[in-house]
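The sequence and the structure are displayed below, and the description follows.

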Amino acid sequence: MKYLMPWALVCALAILTPAAWAGVRVFACEPEWAALATELGGERLTVTSATHAGQDVHYIQARPSLISQLRRADLMVCSGAGLEEGWLPVLLRRANNPAVQPGSPGHLLAATVVPMRGVPGDVDRAQGHLHADGNPHLQVDPHNIGRVARALTARLAELDPAHAAHYRERLAAFEARWAAAIDDWERRAERLQGLRVVTHHEDWLYLASWLGLEVVGKLEPLPGVPPTSAHLARLEAEVAERPVAAILRTGYQDGRAADWLSGRTGAPVLVLPHTVGGEVVDLFALFDTILARLEAVAP
Amino acid sequence: MKPVLFAAACVGGVMMNLPAALAAETDTAALEAELEALKADHEARLGVLEARDTLPAMGAASRSPGSNVFNPAISAIVMGSYLSYDDAPERELAGFQLGGETDYAPEGLSLGESEIIFSANVDQRFYGQLTVGLHDGEEGTEVGIEEAFFDTLGLPGGTGLRFGRFYSGIGYLNQHHPHAWNFHDAPLPYIAFLGGQFGDDGIRATWVAPTDLFLELGTEVYQGGSFPGGADPDFGDVTTAFVRIGGDVGMSHAWRAGLSALWATPAGREGGGHHHGEAVGPDVEFTGDSDLLIADFVWKWAPNGDYRRRSFTVQGEYFYRDEQGEVAFAEDGESAELAYDGTQRGWYVEGVYGFNPRWRAGLRYERLSTSNTLAVDSITAGLTPDEVLDESGLLDGNDPSRWGAMVDYSPSEFSRIRLQYNRDESGHEPNNVWLVQYIMSLGAHGAHAF
């Protein structure tokens with residue numbers, strides 16, 4: 001019965017692995033949720049982000065390091081709505097961690113606590129990389145950040161009941177600052193109403209709805225499909241008829257299509273941060289930066 | 001110790017470890033009230049915020065409750081190819097007893113294997129997946145259950161169990177389905193040592209360490225009915241164990257390395273002997289021990305961790321096998337018994353460069369070698385020892401090797417078209433192979449497994 005030996009080893013490791021308690025470990029799929037968790041939990045939390053601002057979150061690989069991170073997490077917070085469908089399910093199955101499985105208090109998807117926009121009426125793969133549950137780039141509306149903050153605090157209090165008061169106090173402090181910041185942004189955004197823009201991907205829908213921007217067109221012919229010359233030519237004709245104030249893209253997207261259209265139409269390219277990272281040190285800086293860049297091109 | 005008793009002891013031990021987790025749960029009742037207060041506190045503020053939104057849909061939360069929403073994710077993967085050979089070859093690898101699916105893909109245009117995959121969480125405790133394979137057989141379309149397995153989701157301590165029928169976790173490529181391979185065909189070591197890919201009815205336990213470095217241990221016990229197991233298996237005829245480590249180096253590099261062992265004790269394992277162009281060759285049956293070791297390594301590079309725009313992957317595996325036992329030889333009513341002691345090695349290495357979001361190009365080299373000792377113990381009058389040794393297919397020969405190059409184009413994550421060339425020097429005559437392959441996935445989004 002030599003095959004019992006490795007089984008005995010796996011069994012012994014399972015029994016002997018200590019359930020170490022070093023605060024609450026939070027696994028965030030995107031940096032904005034990591035930043036939010038840090039705002040809400042402070043030093044009680046150990047927070048890691050699976051991705052960073054330079055990556056397209058649709059195309060992450062289920063790397064061994066991510067399996068390790070999720071293995072130890074007490075709480076997982078992700079955008080959901082299919083944004084991570086290519087890798088998060090693999091991580092969840094490989095990490096052998098019941099605390100973060102769907103249905104557990106340790107499994108939080110932002111898409112389940114905010115009103116979704118861009119829910120397609122009918123879904124067909126010929127329409128590109130569509131998300132049946134709606135557009136998952138929901139973090140660029142600060143009201144959604146507030147909604148997720150409340151849900152996240154409820155989960156933290158549930159997972160770490162001894163410090164529920166701590167989380168509640170931090171949430172109250174964050175919400176006060178956040179509400180003041182939103183008032184400021186919305187006041188500044190009044191002159192952005194109706195500003196016409198072209199975007200690279202469908203990733204500024206929530207921002208456009210919040211600020212009242214008009215998205216004239218997208219550089220991608222279909223969501224997730226790289227720009228083609230035929231599509232760009234059509235877009236150029238459209239923009240010639242209805243001039244736009246700017247072409248929006250994120251730092252990780254290929255800049256060639258945006259630069260080409262900018263060269264042909266004279267509209268400036270704005271590289272907007274879509275999450276926290278680099279110069280954008282926190283969530284306040286995220287929207288401050290977005291607002292400041294848009295104000296610079298507003299009439 | 002009986003396996004059943006062992007399992008009971010293990011489950012008991014794990015349960016003893018649970019009280020801490022359970023204690024945390026019981027406290028939550030006391031906090032419900034506090035949470036309710038927390039929620040109520042925000043309802044008012046939320047109401048104000050919601051009032052500003054005039055939204056067309058509430059997304060996932062507003063889906064109409066129908067029975068369909070609980071349907072498993074379904075995807076169908078269809079793969080077809082057009083192949084051209086210098087000479088339509090028959091698989092022969094000197095010094096290896098072949099088993100499993102080792103035939104060359106047919107010349108010309110053909111629909112290879114199609115797969116239909118159903119997957120879903122069964123409930124809060126189990127995840128399940130069923131893969132049905134469809135392919136042309138002698139009597140029309142044949143249907144087979146390639147995989148049908150369940151994973152536990154709720155075991156503590158970083159452990160997980162899988163049971164059912166599944167591809168083994170040994171090596172790197174073995175667990176990947178053919179549609180996820182970088183090349184059209186399995187590397188030579190997989191064909192020679194595992195009959196293409198090893199899967200069987202079995203049970204697996206894995207443990208993932210609570211460390212920054214990825215460390216996973218796993219072990220499997222199989223019924224042993226598929227190659228390199230034998231035709232008439234007893235439970236436990238094939239067992240495996242594997243250990244894997246992995247991690248990131250900076251933001252742009254990720255790696256994984258593994259060491260696996262597969263122990264098989266086949267009884268009367270049939271394999272193709274040396275045919276000499278005849279339709280029916282001799283019966284060659286192996287009974288004994290077959291111990292296989294695999295070392296595997298994969299390194300992936302993508303600038304800034306952005307795999308879509310540019311990436312480079314290099315992967316390689318080294319196989320070492322020690323076989324010892326008896327070979328029974330039978331042909332036209334004559335028979336012989338041989339003592340057989342073999343050592344075989346094989347390796348492959350491949351590199352794939354993704355130079356834009358849609359295009360990739362790759363190179364692969366594969367090689368096998370054997371060092372077998374055969375001795376005729378007994379023989380009937382109608383056969384000569386030289387004839388038996390030659391036709392057993394187990395004598396050392398040329399060291400089979402092959403190299404190939406491919407370019408593939410993927411308009412989206414759901415389709416791929418590949419052009420591949422192989423210079424095949426694994427058989428008697430070198431062969432130039434050209435092929436075009438298409439891989440189409442209909443339905444649910446596949447996984448970006450590492």
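## Strands, helices and overall form

In this predicted model, A:Met76 has A:His107 as its opposite residue, the latter belonging to strand 4 of chain A. The two strands concerned are strand 3 of chain A, covering residues 75-78, and strand 4 of chain A; they run parallel and are joined by three bridges.

Chain A holds an open sheet of four strands, paired in parallel and ordered 2-1-3-4. Strand 2 (45-49) and strand 4 (107-109) of chain A each have a single partner strand and stand at the edges, so one side of each lacks a neighbour in the sheet. On average, neighbouring strands of this sheet are turned by 20 degrees against each other, with direction ignored. As a general point, strands of a sheet pair through backbone hydrogen bonds, in either a parallel or an antiparallel manner.

A:Thr46 lies in strand 2 of chain A.

The axes of helix 5 and helix 6 of chain A come within 10 Å and cross at roughly 180 degrees. The two helices are therefore roughly antiparallel to each other, since angles over 145 degrees are classed in this way. The table gives their ranges and some of the residues that meet.

| Helix of chain A | Residues | Contact residues, among them |
|---|---|---|
| Helix 5 | 142-159 | A:Pro142, A:Ala149, A:Leu156 |
| Helix 6 | 164-188 | A:Tyr167, A:Phe174, A:Trp178 |

The residues of this contact divide into eleven nonpolar, two polar and three charged.

Chain A as a whole comprises ten helices and eight strands. Its radius of gyration is 21 Å, close to the 19 Å given by the globule rule for 299 residues, so chain A is as compact as a globular protein of that length. Taken along the principal axes, the C-alpha atoms of chain A fill a box of roughly 75 × 50 × 35 Å. Of the 299 residues of chain A, 55% count as buried. Among the contacts in chain A with a separation of 6 or more, 63% are accounted for by residues 24 or more positions apart.

Note on methods
Residues are numbered from 1 along each chain as its sequence is written. Chains are lettered from A and ligands numbered from 1 in the order in which they are written. This is a predicted model: local features need pLDDT of at least 70, side-chain atom pairs count only at pLDDT 80 or more; totals for chains, interfaces and linings use all residues. Two strands pair if DSSP finds at least two bridges between them. Axes are lines fitted to C-alpha atoms, for helices over the stretch in contact, and angles run from 0 to 180 degrees between N-to-C directions. The radius of gyration is taken over C-alpha atoms; the globule rule is 2.2 Å times the number of residues to the power 0.38. A residue is buried if 20 or more other C-beta atoms lie within 10 Å of its own, exposed if 12 or fewer, and partly exposed in between; C-beta atoms are placed from the backbone. Two residues are in contact if their C-beta atoms, placed from the backbone, lie within 7 Å. Angles under 35 degrees count as roughly parallel, over 145 as roughly antiparallel, 65 to 115 as roughly perpendicular and the rest as oblique. Ala, Val, Leu, Ile, Met, Phe, Trp, Tyr, Cys and Pro count as nonpolar, Asp, Glu, Lys and Arg as charged, and the others, Gly among them, as polar.
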